[in-house]
Amino acid sequence: MDVKSTKNFVFWLFCQFELITCSYLMEPWEKVLFYSFNVSMVGMLFYTAYVCAAAHVSTALQCLWNLLGNQQENAVSVVK
């Protein structure tokens, strides 16, 4: 993909965003507040998802290792 066409595509997406949110009608200081609020919300969403996903994966792996470890111990105790 060409750099110029990528630039045009990003500009087109930004124009679509402004049309959907009607932010093209805002004054410049309102746009700054609106965009900074939106960027901070998306940043917090990604951070929270990253932290929670890491905690859930860690817990799930610990449970899996405990289950696998306990099954092997139970199998050994049944053989004895």
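Mentor: Helices (H or I, at least four residues) and strands (E, at least two) are DSSP runs, numbered from the N terminus. This is a predicted model, in which local features need pLDDT of at least 70 and side-chain atom pairs count only at pLDDT 80 or more, whereas totals for chains, interfaces and linings use all residues. Residues are numbered from 1 along each chain as its sequence is written, and side-chain values use heavy atoms, with hydrogens and water left out.

Helix H2 covers residues 28-79. An unreviewed UniProt entry lists residues 32-52 as "transmembrane region"; such annotations may be inferred rather than shown by experiment. Over residues 32-52 the chain is 100% helix and 0% strand, with 30 Å between the end C-alpha atoms.

Phe 34 is found in helix H2. Leaving aside neighbours within four places in sequence, Phe 34 is in contact (heavy atoms within 4.5 Å) with Phe 17, Thr 21, Ser 23 and Met 26. The C-alpha atoms of Phe 34 and Ser 23 are separated by 8.2 Å, although the two residues are 11 residues apart along the chain. Phe 34 counts as partly exposed because its relative accessibility is 24%, where buried means under 20% relative accessible area, exposed over 50%, and partly exposed in between (1.4 Å probe, protein chains only).

Lys 31 and Glu 18 meet through their side chains in a salt bridge (3.2 Å, N to O); the term denotes a side-chain nitrogen of Lys or Arg within 4 Å of a carboxyl oxygen of Asp or Glu. The pair links Lys 31 in helix H2 to Glu 18 in helix H1 (residues 3-21), 13 residues apart. Glu 18 is buried at 12% relative accessibility, whereas Lys 31 is partly exposed at 21%.
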